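Have the sequence and the model in view.

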Amino acid sequence: IVSIMNQYPDYSISISGHTDNVGLDENNMVLSQNRSLTCYNYLVGKGIDRTRISYAGYGETQPVASNDTVEGRAMNRRVAFRLYVRE
């Protein structure tokens, strides 16, 4: 991602952190925010301008798989990146 961001200076990135549904909603929200913040800090530490990066945590509100299975819960514990051209 650092390489892409360096290669395409007109790109920005949004980072979203997610969790499964195990645990308290409040704890999952904090966990997901920390996941996205960690990625943000990594990119900034590699020299990517802060103004090109946004981040947010969504807790367990945006699952991509069922939380009824071990596999599904594993897929829901993730960080997603979306590249886009800044306007």
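The turns below set values against cut-offs, beginning with the whole chain.

Q: What makes up the secondary structure of this protein chain?
A: This is a predicted model. Its chain has three helices and three strands. Along the sequence they follow the pattern α-β-α-β-α-β. The C-alpha trace spans about 40 × 20 × 20 Å along its principal axes. Of the 87 residues, 31% count as buried.

Q: Why is serine 16 called buried?
A: Buried means under 20% relative accessible area. Serine 16 has 14%, so the label holds. Serine 16 sits in strand β1. Among the residues it touches beyond four places in sequence are Ser36, Tyr58 and Val79.

Q: What makes the link between serine 16 and histidine 18 a polar contact?
A: The cut-off for a pair of N or O atoms is 3.5 Å. The side chains of serine 16 and histidine 18 are joined at 3.0 Å. That is within the limit, so the pair qualifies.

Q: Why does tyrosine 11 count as partly exposed?
A: The partly exposed range lies between the buried limit of 20% and the exposed limit of 50%. Tyrosine 11 has 25% relative accessibility, so it falls in that range. This tyrosine 11 also lies in strand β1.

Q: How far apart are tyrosine 11 and tyrosine 84 in sequence and in space?
A: They are 73 residues apart in sequence. In space, C-alpha to C-alpha, they are 5.4 Å apart. Tyrosine 11 touches Tyr84, and its other contacts include Leu83 and Val85.

Q: How do you know that aspartate 20 and arginine 77 form a salt bridge?
A: A side-chain nitrogen of Arg must be within 4 Å of a carboxyl oxygen of Asp. Here the N to O distance is 2.7 Å. The pair therefore passes. The structure holds one salt bridge.

Q: What does this pair tie together?
A: Aspartate 20 lies in the loop between β1 and α2. Arginine 77 lies in the loop between α3 (70-76) and β3. So the bridge ties together parts that are 57 residues apart in sequence. Aspartate 20 is buried, at 7% relative accessible area. Arginine 77 is partly exposed, at 40%.

Q: How does the reach of α2 compare with the expected span?
A: α2 has 21 residues and reaches 30 Å from its first C-alpha to its last. That is close to the 30 Å expected at 1.5 Å a residue.

Q: How do you know on which side of α2 its buried residues lie?
A: The buried residues are Asn28, Ser32, Ser36, Cys39, Tyr40, Leu43 and Val44. They cover an arc of only 155 degrees around the axis, which puts them on the same side of α2. An α-helix has 3.6 residues a turn, so residues three or four places apart point the same way. The face turned away carries the exposed Glu26, Thr38 and Gly45. What covers the buried residues includes α1, β1, β2 (53-57) and β3 (78-85).

Q: Which residues make up the largest nonpolar core?
A: It has 10 residues: Val2, Met5, Ile13, Ile15, Cys39, Tyr40, Leu43, Val44, Ile48 and Ile53. The elements giving two or more are α1 (2-7), β1 (11-18) and α2 (25-45). α2 gives the most, with four. In soluble globular proteins, nonpolar side chains tend to be buried together. Beyond four places in sequence, Val44 touches Arg50 and Ile53.

How values were computed: Residues numbered from 1 in each chain as written. Predicted model: local features only at pLDDT ≥ 70, side-chain atom pairs only at ≥ 80, totals over all residues. Heavy atoms only, no water. Core = buried A, V, L, I, M, F, W, Y, C linked by side-chain atoms within 4.5 Å. Buried < 20%, exposed > 50% of the residue type's maximum accessible area, 1.4 Å probe, protein only. Contact = heavy atoms within 4.5 Å. Polar contact = N/O pair within 3.5 Å; in protein donor to acceptor, adjacent residues only side chain to side chain. Expected span 1.5 Å × (residues − 1). Arc of directions from axis to C-beta.
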